[in-house]
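I set out to look up the aromatic ring pairs and the strand pairing in this model. My entries follow the structure.

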Amino acid sequence: LCVAWGTYTHATNLAATTIIEYCRLPAGAVLVGGYWSATDLDTNGTEELDIDIGWAANGSDLADPDGLGNLDVLTGDVSVHSPVAGIYVPFLGVLRTAGPITFAKETVLQAVVNVDAATGGTGQSTLVAYYYVP
């Protein structure tokens, strides 16, 4: 089992349509799991930050910008996944509905900002992917 990961520092409140490239999986990689985590990137009482996680097209496999999670509006409040303020989301999407994903060519795992944060928008996020190459 291998691990690919990337961390992004959110120095400003990212605009809608911003794409964050976290890491690359090698050709032939079989993605079996992972997660996306972040500090509380929207500190407003009524959060608006909406980010999806997925992958970019690689010349063989089509892009699926929310293939690992259509996260909808994110709250960084204390939750079942985190005993302190912050965000932790295990990969869902295609992994949950169809099982592990095999990528024919090197593939970028990414996040897409759909709606910017109501307040704040700064902090850090990390994407971690678990995969193997047969």
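Strands here are DSSP runs of E with at least two residues, numbered from the N terminus. The model is predicted, so local features need pLDDT of at least 70 and side-chain atom pairs pLDDT 80 or more, while totals for chains, interfaces and linings use all residues. Residues are numbered from 1 along each chain as its sequence is written, and side-chain values use heavy atoms, without hydrogens and water.

I then listed the strands paired with β3 (at least two DSSP bridges between the two strands). Eight bridges join β3 to β9 (residues 123–132), antiparallel; there Ala38 has Ser125 as its bridge partner. β6 is also antiparallel to β3, over four bridges, and Tyr35 is bridged to Pro90. With β7 the antiparallel pairing has two bridges, and Val30 is partnered with Thr102.

**Aromatic pairs**

I counted two aromatic pairs, taking rings of Phe, Tyr and Trp (its six-membered ring) with centres within 6.5 Å; planes under 30 degrees apart are stacked, over 60 edge-to-face and the rest tilted.

Tyr35 is in β3 and Tyr88 in β6, 53 residues apart. Tyr88 is partly exposed, at 33%.

Trp55 and Phe103 have centres 5.2 Å apart and planes at 75°, hence edge-to-face. Both Trp55 and Phe103 are buried.

Notes. Buried < 20%, exposed > 50% of the residue type's maximum accessible area, 1.4 Å probe, protein only.
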